[in-house]
Amino acid sequence: MNGEVVLKAENLVKHYPIKAGVLRRTVGWVKAVDGVSFELYKGETLGIVGESGCGKSTLGRMLMRLEEPTGGKLTFDGVDVYSQKGADMRRLRRDIQIVFQDPYTSLNPRMTVGDIVGEPFEIHRDAVPKGRRRQRVQELLDLVGLNPEHINRYPHQFSGGQRQRIGIARGVALNPKVIICDEPVSALDVSVQAQVVNLLEQLQSELGLAYIFIAHDLSVVRHISDRVGVMYLGKLVELGDEDQIYSRPTHPYTQALLSAVPLPDPTMRNMREQIVLTGDVPSPANPPKACRFHTRCWKAQEICSIEEPLLVERPDGESAHLSACHFAEPRVIL
Amino acid sequence: MTLSAGTGGAPRVELLDTRGVWKPVDGLLLELDELQVEFRTRDGVAKAINGVSFDLHEGETLAILGESGSGKSVTAQAIMGILDSPPAFITGGEVRYCGQDILKLSDEERRRVRGPEISMVFQDALSALNPVFPVGWQIAEMFRMHRGMNKSDSLAQAIRLMQRVQIPGAAQRVKAYPHQFSGGMRQRIMIAMAIALDPAVLIADEPTTALDVTVQAQIMQLLADLQQERRMGLILITHDLGVVADVADRIAVMYAGRIVEQADIFELYAQPAHPYTKGLLDSIPRLDQKGETLSAIGGLPPNLMNIPSGCPFNPRCHYAQDICRVDPPPPLREIARHRLAACHFSELLLTHNPELQVTQTTEAVEAHLERELQDPVATAGLDHEEDIERGVEPR
């Protein structure tokens, strides 16, 4: 991948304390994100997939600095995000914005669409002069495919898909360079999903945005992403471009995940080998030692519970991409 | 399955041996005939189901596919007899089980059908299970209430069932409470309860929607195994075109409370005969293909309080013509062998006939929707008074 790095995460860690007893003493830590590193290039989409509880949403919030990190470093355009304070941090926030999952709860029901989309201008007062703000909001509504005349309406007057468009308009209001999309389409109906995905792609090409696209739906992620990272229990287990991950996955977890996705094509029934994993994802409060997947992995050997496999380039048949498995080998799933 | 808290082992209902009372004729288990359900609310009458008919045979998997508000779950609840009334009222049609209309049965007779004959797995196991009783007790309740078993026998049966649905350490975990299980395990417990009395029909309402994809695969596999083992008729309700393609024999696509297409699964995916089905299939991103821009269906599903006249899909349909906008809506009719569709132009769509013209693009649909939104009366969930106050003129 060539191009300029806009966002660089180095060994990000977020542990939440587990408190118990009358004294609320800390008895343990939930290791939600435990050492995640990646680079995001200008104008690209990096998809992050994983099952619930793998830490993908926490990661998204850390990238926004909505969560203070337990450890690690985040650099945006060469600036260390976590060491910024006050006005500098506020300025930085203009460049990284977020679109939330649930369009029903992420919009304030007492504010009009104009107030919601225009709120970023209240906080960043120098972004758009006061007299032009209303016009700018209308431009934004038009940009995301809403009627600019609806500026005085309230969120409940819109459908789910339209509300997500409002959330997106708010996200792009300050001309950010990076947008974190945290499950932006998973609350929407199938026929509406496509509209929002198309809108995100269109905005990306018009505004040159870079997306971190967090989702559990592997089909949507493949559709929109240039590169994809797979998370399991707070760690990235595989990272590569879209074709490498989907056509030549080398990590057993990625392989199992891909094989479990039902394809909308009945002729493929019984045509592909399904890897059915046993058991559930272990608790992030007490993750397995060394390789975290070894308790469910069919390839696991002794070394997997002793030595942690590093996320390094490993051959995938045609090229090489990052994978964290001692026994990484490509397998055709789709 | 409403779970009333049983206090002892003694059965409250008079036990009748219902085995053998219900005998399917030629393997035909369930027939729905022009079922109609409406919800009478303060804001008006929502027509949730407007004449749904289908049948289900032994050992068959029928998928009911639809988006939210299409009436798929209401159909299931009507079959089970668990609709809340009011606000829901069944205003017409029949649900025949083994030839007899079960809508006409008394509440008591209906209870004897619910569980031993027709049973259901719900979407959200955490809210469907009772949090204050151990799971074993809840599974065993089926045996206590319907079979009059005592506590220890029924608990032994519960353990057996928990083993059958592959819950590890069933004997130890029989006394655990629902919150002590993971989502996948809770769904297995729901399935154990549903199959406890060996029903002939199992309705699974979005059984895997709340689950992760690797767990979804386990649950679907379990359902398929159980169905094969017991030759159950399975009604799978879902919005996921992928899950359907993997397991269903036949599929019924619902839109605005009507079945718009019904066909063999292979034929439907190969050649959809209704523009809505075609739109759905075209709009989903594919895992096994990297596609271009998705061809979205424009617009929104209709408000059930104000279903468009004519074909309910006409405002969003790419092929809509004048005939589509006038009542009566196109009936669900046989357009080929074993294929039903409710569209005036199904034959043309099936054969890719060039005479079938695109009359409105996605953009036109969106523009139309804008106009609808301007008209305060026509749109879903709008605060009408507020609009009128602010002087939004209807066009």
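Trainee: Why is strand β3 (residues 61-65) of chain B largely enclosed by the rest of the structure?

Mentor: Five of the five residues of β3(B) are buried, so the strand is largely enclosed by the rest of the structure. Buried means that 20 or more other C-beta atoms, placed from the backbone, lie within 10 Å of a residue's own. Strands (E, at least two residues) and helices (H or I, at least four) are DSSP runs, numbered from the N terminus. The reason is thus the burial of five of the five residues.

Trainee: On what model does this rest, and how are residues and chains labelled?

Mentor: The model is predicted: local features need pLDDT of at least 70, side-chain atom pairs count only at pLDDT 80 or more, and totals for chains, interfaces and linings use all residues. Residues are numbered from 1 along each chain as its sequence is written, while chains are lettered from A and ligands numbered from 1 in the order in which they are written.

Trainee: Which residue in β8(B) stands opposite Ala63(B)?

Mentor: Strands pair if DSSP finds at least two bridges between them. β3(B) pairs with β8(B) (residues 233-238) in the parallel sense over five bridges. Opposite Ala63(B) stands Leu236(B).

Trainee: Which residue of β9(B) is the bridge partner of Leu62(B)?

Mentor: β3(B) and β9(B) (residues 250-255) run parallel and are joined by four bridges. The partner of Leu62(B) is Arg250(B).

Trainee: Which element gives the largest share of the side of chain B that touches chain A?

Mentor: The contact (C-beta atoms, placed from the backbone, within 7 Å) takes 42 residues from chain B and 38 residues from chain A. The largest share of chain B's side, seven residues, comes from α8(B).

Key: Buried ≥ 20, exposed ≤ 12 C-beta atoms within 10 Å, placed from the backbone. Contact = placed C-beta atoms within 7 Å.
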